[in-house]
Amino acid sequence: MERVAESERTLYPYVTGSSVVAIKYKDGILMAADMGGSYGSTLRYKSVERIKPIGKHSLLGASGEISDFQEILRYLDELILYDNMWDDGNSLGPKEVHNYLTRVMYNRRNKFNPLWNALVLGGVKNGQKYLGMVNMIGINFEDNHVATGLGNHLARPILRDEWHENLTFEEGVKLLEKCMRVLLYRDRSAVNKIQVLHCSFSCFSLL
């Protein structure tokens, strides 16, 4: 009798990343995350990139299970490739990618097989800045600044006090550095190696 293949699920997150913090600034979006990957309470990896550019207009950052984040990136690679194949002069912007991710996360949650991540999606298209997040059960929102994980409790109060819509690039970077420093002091999963990316009206870049 032929054996039916068993389904595989992430029952519990194994290798995880900590907080992602992102803000809008005057000319675009800034996003920061440390590069630690924890195996349980052991800080196992120290060069994990948890922020990736998506298509031409967006940045994606993730907390939570690293392998599930890699699966999400595979979904997005297929989505961007399919969109490019139309060759119609249009491309997916951050709002469309965010909407897609909310559907994916909610769909997987309804199958009782969630992707164990909290995602931050930001970008700029047609002169419009966009910043939103979605968690592992599909709850999503847009805001001028967002944070995942412990950053939601430790970084957001700082952002509420000090963020304003006319932040320059330099002021935005300093504000994110302040948030990441607080997280380094208070979050045992954080490391002192930080990835910062920005998406502006003209370009992507890694700081």
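Begin by selecting alanine 32, whose bridge partner in E12 is valine 196. The model is a predicted one, in which local features need pLDDT of at least 70 and side-chain atom pairs count only at pLDDT 80 or more, while totals for chains, interfaces and linings use all residues. Residues are numbered from 1 along each chain as its sequence is written, and side-chain values use heavy atoms, with hydrogens and water left out.

Strands are said to pair if DSSP finds at least two bridges between them. Helices (H or I, at least four residues) and strands (E, at least two) are DSSP runs, numbered from the N terminus. Strand E12 (residues 194-200) is mostly covered, with six of its seven residues buried. Buried means under 20% relative accessible area, exposed over 50%, and partly exposed in between (1.4 Å probe, protein chains only).

Select lysine 193, in the loop between helix H5 (169-186) and E12. Lysine 193 has a relative accessible area of 37% and is therefore partly exposed.

**The end of E3.** Next, select aspartate 34 and arginine 50, which form a salt bridge with the closest N and O atoms 3.4 Å apart. Aspartate 34 belongs to strand E3 and arginine 50 to the loop between E5 and strand E6 (51-54), so the pair ties together parts that are 16 residues apart in sequence. Both aspartate 34 and arginine 50 are buried. A salt bridge here is a side-chain nitrogen of Lys or Arg within 4 Å of a carboxyl oxygen of Asp or Glu; by this rule the count comes to seven.

**Further salt bridges.** Glutamate 49 and lysine 52 meet in a salt bridge (3.2 Å, N to O). Glutamate 49 is partly exposed at 42% relative accessible area, and lysine 52 is likewise partly exposed, at 26%. Then display glutamate 142 and lysine 95, whose side chains meet at 3.7 Å, N to O. This pair links distant parts of the chain, 47 residues apart: glutamate 142 is in strand E10 (residues 140-142) and lysine 95 in helix H2 (residues 94-110). Glu71, Arg74 and Glu78 are linked in a network of salt bridges.

Select strand E4 (residues 37-39), which contains tyrosine 39. Three bridges join E4 to strand E5 (residues 42-45), and the two run antiparallel; serine 38 has leucine 43 as its bridge partner in E5. Two residues lie between the strands of this hairpin, where glycine 40 takes a positive phi near 65 degrees. Tyrosine 39 is partly exposed, at 49% relative accessibility.

**Helix H1.** Select tyrosine 82 and tryptophan 86, four residues apart in helix H1 (residues 66-86) and therefore separated by about one helical turn. Both tyrosine 82 and tryptophan 86 are exposed. A search of the whole structure finds two aromatic pairs. The ring centres of tyrosine 82 and tryptophan 86 are 6.1 Å apart with planes at 85 degrees, so the pair is edge-to-face. Rings of Phe, Tyr and Trp (its six-membered ring) pair if their centres lie within 6.5 Å; planes under 30 degrees apart count as stacked, over 60 as edge-to-face and the rest as tilted.

**The whole chain.** Zoom out to view five helices and 13 strands. Buried residues make up 48% of the 207 residues.
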